[in-house]
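Let's take a friendly walk through a protein structure together. Please keep the sequence and the 3D view open as you read.

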Amino acid sequence: MKTVLFVGAGRHQRRAILQARERGLRVVGVDRNPDAPGLADSDVAEAVDFTDVDAVSEVARRHAVDGALTVSADRAVPVVAAVTERLGLPSIGTACAHLLTHKIAMRRTLAYAGVSQPEFAAVRDRREGRAALATVGLPAVLKPADSGGQRGVFRLDSYDDLDAHLHVALAESRSGEAIVEAFTDGLEMNGIVIARDGDAALLTLSDRLRPPGIGFGVGWIHVYPASIYGDQLELAERIAVQAVQALGLRNGIAFPQLIASRDGKVVVVEVAARIPGGQMADLVRHAVGVDLVEVALRQALGEEVPDEIALPRFSQPLAIRFLTAQPGPLPTGRVTRIGSLDPVLAGEGVVQADTYLQVGETIRPVRLDGDRRGYVIAVADTNVQALARAEAAAQLLEVNVE
Ligand SMILES: Nc1ncnc2c1ncn2[C@@H]1O[C@H](COP(=O)(O)OP(=O)(O)O)[C@@H](O)[C@H]1O
Ligand SMILES: [Mg+2]
């Protein structure tokens, strides 16, 4: 029996942990939080802070694991790479993991390779911030060099905005660095790329729609297939693969994020080296019939990933509507009652839905990924119809607030 190490065992990892066990693998889970939901479902649970590479390596050695992976947790990607490299297990390598998790290193590498991206500059203090804005212009986007989930990400419309937000962006970065980029207006898209032995292939490309205002970076709707077409679609497909190759990922699942602007251009926002959170694995499963967790498990264990497993089996239009505050379907305020999910699940075309809302929590306007409090996935003959169905079904969850 083979043993696989899950680095991080939170809500997003839990289903993958169960799937690994159903597949006959022995699962070792590590998470700093001893009550992490995935730990209870692991064969072996270790309450270890996964940012401690030595401690995680010790766990991996002690349980003689055959491979390691993470799902959705960007901060675990360099840890998985370091532990697997140290133990001589299948690994993307620490150098590659750095390029895929550190936004400045990533941008530099993409620039060398000539991959289309916004103007950018690295920033460690206010003086560099002002110089960066002079270079990239306004509006701009400020982000921590190494963080995720929209934490510390701000749109800058003035030099005052830089002064107001720089300390937060820097504080979110473990290396105390931020990046300032030209704001690119347009349609954001998510790609899923599978790299096998250096050969990268695009599996899905979908629209990632965002709310107006402070939550401008949060994906609150996904629509498959993407709504661009013709030359721009071809360009986006090419850039998604090119970015993954430029960053040197030879075996792994990559998550390129792109923006298509109205003038026909496409730029790379970032590329992650993992199964994304936010129901993207569900999107891939319903849209093209590929099981990303199975692919990730095989790659972690150094097993072959044949075409039958890695290539699209069909193409099913769908939409995912996250449950977020207005103008999303949820009210804002303190939750006093959560109605049944049944009417939502019975909605036309609905194939999956869930909510993480809890009585007593406060629903706030959308600002972070974490403000998504559930989701509805609907399929249809076209992506437009699928979105209408997902929107309609999302309205069927009754939530009372005070
Ligand atoms: N240069 C940019 N122009 C426009 N929007 C951007 C830009 N960079 C980031 N964003 C928006 O902010 C979001 C978060 O940025 P990203 O670089 O993906 O950071 P994170 O690691 O938090 O996901 C993106 O998904 C996108 O919606
Ligand atoms: Mg991102």
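Where is the place of Asp197? Asp197 sits in the loop between β9 (187–196) and β10 (199–209).

## Before we start

This is a predicted model, in which local features need pLDDT of at least 70 and side-chain atom pairs count only at pLDDT 80 or more, while totals for chains, interfaces and linings use all residues. Residues are numbered from 1 along each chain as its sequence is written, chains are lettered from A and ligands numbered from 1 in the order in which they are written, and side-chain values use heavy atoms, with hydrogens and water left out.

## A parallel sheet

Begin with the open sheet of 4 strands, whose order is β3-β2-β1-β4 and whose pairing is parallel. Two strands count as paired if DSSP finds at least two bridges between them. At the edges stand β3 (44–46) and β4 (67–69); each has a single partner strand, so one side of each is left without a neighbour in the sheet. On average, neighbouring strands of this sheet are turned by 20 degrees against each other, direction ignored. For such angles, axes are lines fitted to C-alpha atoms (for helices over the stretch in contact), and the angles run from 0 to 180 degrees between N-to-C directions.

Now look at one pair of strands. Strand β1 (residues 3–7) is joined to strand β2 (residues 26–30) by 5 bridges, and the two run parallel. Leu5 stands opposite Val28 in β2. Helix α3 (residues 53–62) lies across β1, β2 and β3, and runs at about 165 degrees to β1. Helix α11 (residues 292–301) packs on the sheet and touches β1 and β4, with a direction that makes about 140 degrees with that of β4. Contact means heavy atoms within 4.5 Å.

## An antiparallel sheet

Another open sheet has 3 strands in the order β17-β15-β19, with antiparallel pairing. Its edge strands are β17 (362–363) and β19 (399–401), each pairing on one side only. Strand β15 (residues 333–338) and β17 run antiparallel and are joined by 2 bridges. Gly333 stands opposite Ile363 in β17. As background, strands of a sheet pair through backbone hydrogen bonds, either parallel or antiparallel.

## Around ligand 1

Which residues come nearest to ligand 1? Of the 22 residues around it, these are Lys103, Lys143, Gln150, Glu188 and Glu270. A residue is near a molecule if one of its heavy atoms lies within 4 Å of it. The residues of this shell divide into 8 nonpolar, 7 polar and 7 charged. In this grouping, Ala, Val, Leu, Ile, Met, Phe, Trp, Tyr, Cys and Pro are nonpolar, Asp, Glu, Lys and Arg are charged, and the others, Gly among them, are polar.

An N or O atom in the side chain of Lys143 is 2.5 Å from an oxygen atom of ligand 1. A nitrogen atom of the ligand lies 3.0 Å from a backbone N or O atom of Ala182. The side chain of Gln257 has an N or O atom 3.0 Å from an oxygen atom of ligand 1. The protein covers 97% of the 540 Å² of accessible area that ligand 1 has on its own; accessible areas come from the Shrake-Rupley method with a 1.4 Å probe.

Gln150 is in the loop between β6 and β7 (154–156). It has a positive phi of about 70 degrees although it is not a glycine. Asp197, also not a glycine, has a positive phi of about 45 degrees.

Finally, look for two cis peptide bonds. One joins Leu138 and Pro139, with omega about -5 degrees, and Pro139 lies in the loop between α7 (126–136) and β6. Another joins Tyr224 and Pro225, again with omega about -5 degrees.

How values were computed: A polar contact is a pair of N or O atoms within 3.5 Å; within protein, one must be able to donate a hydrogen and the other to accept it, and residues adjacent in sequence count only if both atoms are side-chain atoms.
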